[in-house]
Amino acid sequence: MQKPLKVNVHVVTKSGVIPYDSLSPDEKKELGIRLNRRALQAAARADGYELEFDDSPSTEVGTA
């Protein structure tokens, strides 16, 4: 079995580059949502589709 890969993640912001670990839990959650949306859009685009997301409060993660 191979050793786990260690990855250092940094986030580029308007104020500079910061380590992922320094983000607050809410910032990490928001970043995860944005990255997942980008990945979904890229996958859909590869198949000829366009995705749009409804950002109304009723569709946020963890709400019903």
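Two strands pair if DSSP finds at least two bridges between them. Helices (H or I, at least four residues) and strands (E, at least two) are themselves DSSP runs, numbered from the N terminus. The structure treated below is a predicted model, in which local features need pLDDT of at least 70, side-chain atom pairs count only at pLDDT 80 or more, and totals for chains, interfaces and linings use all residues. Residues are numbered from 1 along each chain as its sequence is written, and side-chain values use heavy atoms, with hydrogens and water left out.

**Exercise 1. State which elements the chain has and how its strands pair.**

Step 1. The chain has two strands and one helix, in the order β-β-α along the sequence.

Step 2. Strands E1 and E2 pair in the antiparallel sense, over four bridges. Two bridges can be located by residue: Thr13 is partnered in E2 by Gly16, and Val11 by Ile18.

Step 3. Two residues lie between E1 and E2, and the strands form a hairpin.

Step 4. The confidence of the predictor in each residue is its pLDDT, from 0 to 100. Among the elements, the mean is lowest for E1, at 90, and highest for E2 (residues 16-19), at 94. The chain as a whole averages 86.

**Exercise 2. Identify the salt bridge and classify both of its residues by accessibility.**

Step 1. A salt bridge requires a side-chain nitrogen of Lys or Arg within 4 Å of a carboxyl oxygen of Asp or Glu. The structure holds one.

Step 2. The partners are Arg45 and Glu50, whose closest N and O atoms are 3.7 Å apart.

Step 3. A residue is buried under 20% relative accessible area, exposed over 50%, and partly exposed in between (1.4 Å probe, protein chains only).

Step 4. Glu50 has 64% and is therefore exposed; Arg45 has 48% and is therefore partly exposed.

**Exercise 3. Classify Val7 by accessibility and state where it is placed.**

Step 1. Val7 is in the segment before strand E1 (10-13).

Step 2. Val7 counts as exposed because its relative accessibility is 55%.
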